There are 2 protein chains.
Amino acid sequence: MEQTDVLRRVVIEGVAPEVDGGRFAVKRTIGESVQVQADIFSDGHDAISCALLHRHAKDTRWTETPMAALGNDRWQAAFRVTALGRYLYTIQGWIDPFKTWQRDLSKKMEAGQSVDVDVMTGLDLIEKARSRAVKEDEALIAGWMRRIESAPLLEERALILQDPELEDLIARCPDKTTATVYDRTLAVQVDRARARFGAWYELFPRSCSREQGKHGTFRECEALLPYVAEMGFDVLYLPPIHPIGVTHRKGKNNTPTAGPEDPGSPWAIGAAEGGHKAIHPELGTLGDFRRLLEKAGEHGLEIALDLAFQCTPDHPYVKANPQWFRHRPDGTIQYAENPPKRYQDIYPLHFESEDWKSLYEELKGVVDFWIAQGVRIFRVDNPHTKPFPFWEWLIEGVKRTHPEVIFLSEAFTRPKVQYRLAKVGFSQSYTYFAWRNTAWEIREYFTELSRTPVREFFRPNLWPNTPDILTEYLQMGGRPAFMVRLVLAATLGASYGIYGPAFELCENRPKETGSEEYLDSEKYEIRHWEIDAPLSLKDFISRVNRIRSENPALQSDRHLRFHETDNDQVLCYSKHTEDLSNIVLVVANLDPHHTHACWLRLPINDFGLHERQPYQVHDLLSGARYLWHGGRNYVALDPQVAPAHILRIRRRIRTEHDFDYFL
Amino acid sequence: MEQTDVLRRVVIEGVAPEVDGGRFAVKRTIGESVQVQADIFSDGHDAISCALLHRHAKDTRWTETPMAALGNDRWQAAFRVTALGRYLYTIQGWIDPFKTWQRDLSKKMEAGQSVDVDVMTGLDLIEKARSRAVKEDEALIAGWMRRIESAPLLEERALILQDPELEDLIARCPDKTTATVYDRTLAVQVDRARARFGAWYELFPRSCSREQGKHGTFRECEALLPYVAEMGFDVLYLPPIHPIGVTHRKGKNNTPTAGPEDPGSPWAIGAAEGGHKAIHPELGTLGDFRRLLEKAGEHGLEIALDLAFQCTPDHPYVKANPQWFRHRPDGTIQYAENPPKRYQDIYPLHFESEDWKSLYEELKGVVDFWIAQGVRIFRVDNPHTKPFPFWEWLIEGVKRTHPEVIFLSEAFTRPKVQYRLAKVGFSQSYTYFAWRNTAWEIREYFTELSRTPVREFFRPNLWPNTPDILTEYLQMGGRPAFMVRLVLAATLGASYGIYGPAFELCENRPKETGSEEYLDSEKYEIRHWEIDAPLSLKDFISRVNRIRSENPALQSDRHLRFHETDNDQVLCYSKHTEDLSNIVLVVANLDPHHTHACWLRLPINDFGLHERQPYQVHDLLSGARYLWHGGRNYVALDPQVAPAHILRIRRRIRTEHDFDYFL
């Protein structure tokens, strides 16, 4: 044991946020704050001080923020992240002899005790602080010392010694030789805002042709950009756009053999024309793709590409780099299987191959290639079937030069695997939202995602449907089911997406009873969608997306909170901004077949309202406005009219002319 | 990145128990088990295996226990600790190709698929296992291989390959070259059973004289041993037995000046006659003390000493080692203070002194000295006013040679400080029990202590009173209050204690209204107790302690669980042994003034009973037996008769002669 161990009396523990003891970074987007708390204390009765230290990983100097006591030995401070990349933070705590001494002096003076020796001690502490001070402060302290020494009476000196200004000055020159430094340096991964908030639209470009049955092209896709942009989407996500294999190609409805006209699945990547860096010839050229990116940008849309790291038997890798695949004892290459299912059209890559280094580099090269074309968002197919260390290496490497890149993990697997992928670097993750349909399920799941430490590293992206997922709820519930699931996705999740036009056209026919696959799935054939069909939800979706963009409360998941209703078919929750300037309340009837009514119980004090103060709830979907007061209010929802309210809570403002309006 | 990082695909996280990321040991007593759980998983679909490794710190070989899957990627295994000192444990996890292959083979065979290549793969895996096997297993595997190769039909081979015996054999020779080893080695501090379970009795030896007003001696103390032993106590704890200072000695009822007859506080340690290694002359000699230890042992009582590391101005240290004290600017030694309170009779030791090393050694020398006399239990006075690193160093040092020593922390301070002291090594801790009187308070507090990670390092010792604490509840509630608090202490806590004879004589007069100090406190004067007073609780206490010693359920806090009642004045909880062979249910009326009745709701399935099966509840306090069935049962408690039931739940056994009895 060294003397420093003896002197270092402050303990720092229970630090939050902290992911797996600091092994992984917490996530934020630019402009967000990182509120750090810790248990900080010492033996005995000495006063302590502590500070939160933070810096961008590229800076060398720490910025120090004093921490404030919350009670029960819990301390808190916050910092705001303003640049992409990594921030680091840690905590320091130290015994504060001057604070201790001032506190005790006041108590003694109040009790009328003699403080002559105490004043001597105080002067000594100030002298020591002076010796540690920077030049400016040194002069200031010297001034205070002259003032104290020239005061004739002890009481007068004691009073000066308690001056809060002197206190602040001394606090600027702490003795940190025995400070405890928290033994971990923690990291924050800072992404751009789109990692936190965005509406995604998934579209098969090959179905974009105006002519039924014809293979769509990127040029035809351009014509659909206004349609997607007018609905208010931010991200247009395209399934893989690469050449599709011929060997063992699947036919319509996933039949084992394809006819000559069958286009195959876009996820069956690789053919004579090329692999992951090539464009499927029928879609167009690389130039056409770049033009599409540009045109999308003009409509305020960003294009997300699919990263599906797997190959067909026809992929150029198979011939050029057979060592990247697993070989069976009979010499054949191991196709994908999940016994008894076999996917003979797909060869998984062998990440444990002896030649893993060149494979890793090649796959990073794929990402770099599309970044060079202008792509900044990737939706990653089945990341859970590739090793975690691979993703950690890849994402870290990409972000080193392109911190603005966003990776969405499509891992419909067990929760701990999903969470681990988020920890190793994925910016966002698909969730179990599609299968959370009852009020209890939704409350439990989203409370876990938004109010437990999971929220520090896992950013949910909510999809009511995907080309793989047509839930029973959507199959059975008709148009109201699509409406309510859209409202839930768009308001429970700051990030959400739909697979369209199947969604807005309420496509709900399953391949067979009990299946979650679409009938005539677009995965295996070209579809032609009647996007102007009168029953399309496109106007409803536009309205919901406009509400999202106009209400910052809906642009983050941090302040999601569920509220009590007395009807289990009615779900109620709110989101608000940090400063309560924007509060949105959602009430949804989860039964797509029947009208339901209920009483809500709202924590209006937490909304900054008083029990007796009326407030307005403004339904941003219907435009209707209601005057409510108190926490108990009545709501009825007919799914055939509107299965949900999205209510903005407006506070009443009384002007000097005694004229009320609602802010 | 190295190839090993690529191959090490198994993740181990969320390990429990684990205190502060492994910084501190978890606590167990001999014979207890350590049940370890962790989240263990990999990417992809490969089967994994994992093992818990443990060893005594003095051994070099790990013992390996296979872990079992609990679902949701959680795995579990346990080991039993059988020797004092430290055990270490960690976890290994690895991809299991043979398990994966067997699982897939079965599925393929069920689906009627051809498995010819799979059988080749299996043989290859077995051959590899053989090369890793120990000699015995190698021969066995070779035998299996011959059997397989001589089977003429593929189906036959496949069947042999799925034999569970072969599975076990191969599982014994895993390929761990790419195993993940959890990155922390965790520790278990193993104490003797007394650290977990014991009834303590605190007694001032100076009040043991048969003659009123005379200073008691160790010899007279011996005469009281049968009294304490017959009540069923295990530990006799004596306040400090050292010479008491004269300077600034406190008088009766803590008055600032002592009269010539006032004996002073035993915690004011040090006088001309000696310090922490000396015996107060009026108590007797060191020989007398050793004799007392021996006699106590004959009565099954162990003696605990008080470690109060502080000095009076008369302590020999003050002259011999003035550098161990803090000096004020006027040259005087700093006395203890908690402004505006001053304790001029006490000089705290200066643990941050330049000469800290010799101070540390001297204080350890004090402990070593009493250990040499035969003491093995220490109650430590105000440990929270000395640095945590000091305690960690001291306790570790003592336990290195004497792992059987028990330290009880008397830190009535903030929860995080209490918990830290437990983490740095204290075997047991005083708690807030004395001030937890309502059902809600008790449920909340003891749920925290027994059902959260706190239970891994913090062992509560429950005291309804101490010489410093006479709670309002005891002051106001009369004899029933003492009875119910005794039952609560003795059944909520496997370790508990009372300060007697004040307790059993229901001494309840406070120094003044609103004070928790005893009137005429034994801390400042010699008291004479009428231990044979007819209203003494000694028989009641004997009975409670007998119940504790006969019911192993009450000898641990691991399985404490509260049950619902429909009357907030009635508290109900149970404790049981791991195997449910002993289940004790406590029902207590917390209102010492009125009879209360209520319905209980018991989780009888968790007790191993069925809804329709009658069971007996046997009141171990009154001897009464009731036949109950189902979870809902009625109880009424008159505090003047008995404020609590301690019910043993007895299962009905039907013999072959159709004669029922209750086990």
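**View 1. Chain A as a whole, with its helices and strands.**
In this predicted model, the secondary structure of chain A comes to 15 helices and 31 strands. The C-alpha atoms of chain A, taken along the principal axes, fill a box of roughly 105 × 70 × 45 Å. Chain A has 663 residues, of which 58% count as buried. When contacts in chain A are limited to those between residues at least 6 apart in sequence, 74% of them join residues at least 24 apart.

**View 2. The interface of chain A and chain B.**
The contact draws on 57 residues from chain A and 58 residues from chain B, and the area buried between the two chains is about 5,200 Å², with carbon and sulfur atoms giving 55% of that area. Twelve salt bridges are found across the interface of chain A and chain B, and the count of residue pairs in polar contact between these chains, both residues being at pLDDT 80 or more, is 20. Several elements of chain A each supply at least two residues of the side that touches chain B, including helix 1 (3–7), strand 1 (11–16), strand 3 (33–41), helix 2 (97–110) and helix 12 (415–424). The largest share of that side, five residues, comes from helix 12 of chain A. By residue class, the side of chain A that touches chain B divides into 20 nonpolar, eleven polar and 26 charged residues.

**View 3. Glu13(B) and its salt-bridge partners in chain A.**
Glu13(B) forms a salt bridge with Arg420(A), in which the closest N and O atoms are 2.9 Å apart. This pair crosses between chains, from strand 1 (residues 11–16) of chain B, where Glu13(B) lies, to helix 12 of chain A, where Arg420(A) lies. Glu13(B) and Arg420(A) are both buried. The side chain of Glu13(B) also meets that of Lys423(A) in a salt bridge, with an N to O distance of 3.2 Å.

**View 4. A network of salt bridges with residues from chain A and chain B.**
Arg9(A), Asp43(A) and Asp46(A) are linked with Arg326(B) and Glu352(B) in a network of salt bridges. For the whole structure, a search over all chains finds 94 salt bridges.

**View 5. Arg376(A) and Glu404(A), a pair that links two loops of chain A.**
The side chains of Arg376(A) and Glu404(A) meet in a salt bridge with an N to O distance of 2.8 Å. The pair links distant parts of the chain, 28 residues apart, with Arg376(A) in the loop between helix 10 and strand 18 (377–381) and Glu404(A) in the loop between helix 11 and strand 19 (406–410) of chain A. Arg376(A), which has a relative accessible area of 21%, is partly exposed.

Lys252(B) counts as partly exposed at 42% relative accessibility, whereas Asp262(B) is buried, with a relative accessible area of 10%.

Asp306(A) is found in strand 13 (residues 302–307) of chain A and, at 3% relative accessibility, counts as buried. The side chain of Asp306(A) is joined to that of Tyr237(A) by a polar contact of 2.5 Å, and to that of Arg379(A) by a polar contact of 2.9 Å. Leaving aside neighbours within four places in sequence, the residues in contact with Asp306(A) include Leu238(A), Pro239(A), Pro240(A), His242(A), Trp267(A) and Asp381(A).

**View 6. Cysteines of chain A.**
A search of the whole structure finds zero disulfides over all chains. Cys50(A) is accordingly in no disulfide, and the nearest cysteine sulfur, which belongs to Cys173(A), is 18 Å away. Cys50(A) is buried, with a relative accessible area of 4%, and Cys311(A) is also buried, with a relative accessible area of 0%.

How values were computed:
Residues numbered from 1 in each chain as written. Chains lettered and ligands numbered in written order. Heavy atoms only, no water. Contact = heavy atoms within 4.5 Å. Buried area = accessible area lost by both parts, 1.4 Å probe. Salt bridge = Lys/Arg side-chain N within 4 Å of Asp/Glu carboxyl O. Polar contact = N/O pair within 3.5 Å; in protein donor to acceptor, adjacent residues only side chain to side chain. Helix = DSSP H or I, 4+ residues; strand = E, 2+ residues; numbered from the N terminus. Nonpolar A, V, L, I, M, F, W, Y, C, P; charged D, E, K, R; others polar. Disulfide = S-S within 2.5 Å. Buried < 20%, exposed > 50% of the residue type's maximum accessible area, 1.4 Å probe, protein only.
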